[in-house]
Amino acid sequence: MPSRTRGPFENRLVIAGLVLPGVAVLVFAMVVPLGFSVYYSLTDWAGFGDYRNVGVDNYREILTEDPVFWRSLWNVFVLILVTIFVQNPVAFAVAAVLSHISARLSRVLRTVYFIPAALSLVIVAKLWVDIFNPNVGILNKLLVAVGLDSLAVSWLSNPHTALWAVIWIIVWQGFGWALLFYYAGLMTVPRELEEAARIDGASWLQTYTRVIIPYLTPVISTVIVIDVVSSMKQMELIYLSTGGGPGQLTQFLGVYLYQKAFVASEYGYGNALSVLAVVVSVALTVIVQRALRAFPRDDG
Amino acid sequence: MKPTTFLVLAIALAVIPASRVAAQTKTTIKMGDNLPDRSNTWGAVVEQINAEFKAANPGVEIVTESYPDQPYQQKVKIYATAKQLPDVFKFWSFTSLLKPLVDGGFVEPLNRSEFDKLGYLTGALESNVYGGKLYGIPVSADLWVIYYNKKLFKDAGIDKPPGTIDELIALAPRLKAKGIVPMVTDGKDAWPLCVTFDQLAWRISGDATLPARALARKARFTDPVFVQAAQELVRMIKAGVFQDDLMVSDYGAARNLFGQGRAAMYLMGSWELGLGADKTFSDEFRANVDAFKFPVTAGGKGKIDDLFAWFGGNYVMSAASKTKALDMKYLQFYAKRFPGLAWEKQAALPAQKVDARPGDTQVAKTLLRIIADAKATSGTASLDLSTPRFKDDIENAMRGLASGLISPEEFTKQLDVAADKASRR
């Protein structure tokens, strides 16, 4: 039948036409740049001028001779752990409280909590660099005022506190997003589900751990994946606060590959770092998603 | 209408708007520099030169992109990668910065004869010569000195600047007792500490050629003199000579602490001569800012008048510029106007000869005297005479050393490994 033979042909054209723009964007915005990145990662290009192919030398050097790479990766893992096990539970708890207080107060508090997330990263970085400043910063002035002089240190340049100070800035800035996700998720939990649990004699803790959290597993998974990805590409707040210092103690992959490419003029090496960053990001995302599948969930 | 009349009218209509458009067309020179403040000192001088150049060349527009020092250097590298360098831009003559651009064919050689008779100090033009060709015009004479605030010294009961590192270290607790930060510098970017490391090595050994010889692998960075220089720098840091957040203080933060009267000393180059005329700071500060020679070390063979001096900052022309003739005209104009204007406004110590005037600021007089006193001069070898990678390696090693994460011995070992790598490339 003519209509049956022409239909699929037409459909394929239509499908191709509809898919093509998306595929083109994907190819030109992601696949081609990644291809270039892989190509340049195999060279000793300085970013300009002549270059030669060095095979996998850059990768070998990164993996076997570059402690800064491993330090950067370690710092990323620390940040991921802090966001998952500290920022997320706190954000969830605050969201839970906000979902049970009056709508007006909840709205005001949500706005307040979200302000850091809405601020420019430059402003956030400069704000905290000033707060942490050992000479003129308000934090040390407060500590001295309440008699805790011994705790007044150079927060961002002291090797013992620098990483935690930087992670604090990142967590503070990102808290609003986590809160927003959890609050939105909590608003979707049917009231009758909660009431049924209560009628069955569940305490509020049991209601949350046995009913609400399993119900929100998809939201939690999404937030965790976002945390992992944003930790991997963390750059601006580090660059603007410590620049990776003191030494390389607060170095993160995003800053390190930028510094290698555009400060040290080791564009090839920087590209190798970026390729490894993509590989680690994809691997971590897959691992996290698989791990989260093991959690109990309510799929409705 | 006759065809000929129509043709004449059509041509007239086509030509008249075209000529009007031509009259309105402006030729634009794209420029870049590291002087974001365009209303004070050096930036204001450049703005005045640009205004005079535009007045003398109707139809010329100058568009300038400015960023602070280190971000600007990174921006130039990114622009070079993207093949979008400005037509004329400020840069640095060093092997670690200019040479890669020369090797890559990104900058245009200049006709040296156009600049030979413009009063450049000995060695100034030579600093910009690669392969026998001149690639940049030097703008400033750079000396490594310590600026100080005479009032803060007086407040702390200090009557004269220190002449030795021991005396400098002894000032720290006295200033701190008065709530004054003893000395500031840009630790985040690490290069001022690297310059100081070279300076200390010279003060200890009396031999300015050691870093260059170590880079050429005719000496080792693990030699005792470099270990001692690193130890001396660590001794200064541990004694609290620098600001507490040294390693996260950038150029602007350090400069502001000094300019706002919170720090008594500022370890920096003579390009900060404009501190004495910078209206963003108080009258009291400007009246009290002065400079002194980098101190000697106890038992060192170096003399106080061994002067660390070089010609770093320059202006270069992009090889891809579409306005090369105009760019060259601008550079000639700049070379003629800059020394007079910069000295008149006490904004910079030019790389060309200037005469002292009765109205010069105190800090300007002192810098001229430091030059006049110099018995020997040398530049910043470790930082500037190697490859970009070595520059990055020494800065990173310095961050580790200054943060107390690695020992002076480990620091010099890292430099030696980096110098080996650099010499193989």
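Helices are DSSP runs of H or I with at least four residues, strands are runs of E with at least two, and both are numbered from the N terminus. Keep that in mind while loading the view. This is a predicted model, where local features need pLDDT of at least 70, side-chain atom pairs count only at pLDDT 80 or more, and totals for chains, interfaces and linings use all residues. Residues count from 1 along each chain as its sequence is written, while chains are lettered from A and ligands numbered from 1 in the order in which they are written.

**Stop 1: chain A**

Select chain A and color by secondary structure. It has 13 helices and zero strands. Along the sequence the pattern reads α-α-α-α-α-α-α-α-α-α-α-α-α.

The C-alpha atoms of chain A fill a box of roughly 85 × 70 × 30 Å. The radius of gyration of chain A is 24 Å, whereas a compact globule of 300 residues would have one near 19 Å. That radius is taken over C-alpha atoms, and the globule rule is 2.2 Å times the number of residues to the power 0.38.

Color by burial next. Buried means 20 or more other C-beta atoms within 10 Å of a residue's own, exposed means 12 or fewer, and partly exposed lies in between, with C-beta atoms placed from the backbone. Of the 300 residues of chain A, 35% are buried.

Contacts require C-beta atoms, placed from the backbone, within 7 Å. Among contacts in chain A between residues at least 6 apart in sequence, 68% join residues at least 24 apart.

**Stop 2: strand β1 of chain B**

Select residues 27–33 of chain B. Five of the seven residues of this strand, β1(B), are buried, so the strand is largely enclosed by the rest of the structure.

β1(B) and β2(B) pair in the parallel sense over seven bridges; pairing takes at least two DSSP bridges between strands. Pick Thr28(B): opposite stands Glu61(B) in β2(B).

Then show residues 88–92, β3(B). Two bridges join β3(B) to β1(B), and the strands run parallel. Met31(B) has Val88(B) as its bridge partner there.

**Stop 3: the interface**

Show both chains. Here 27 residues of chain B are in contact with 23 residues of chain A. On the chain B side, α3 (69–81), α4 (98–103) and α15 (388–402) each supply at least two residues. The largest share, six residues, comes from α15(B). By type, the chain B side divides into ten nonpolar, eight polar and nine charged residues. Nonpolar covers Ala, Val, Leu, Ile, Met, Phe, Trp, Tyr, Cys and Pro; charged covers Asp, Glu, Lys and Arg; the others, Gly among them, are polar.

Definitions and conventions: Two residues are in contact if their C-beta atoms, placed from the backbone, lie within 7 Å.
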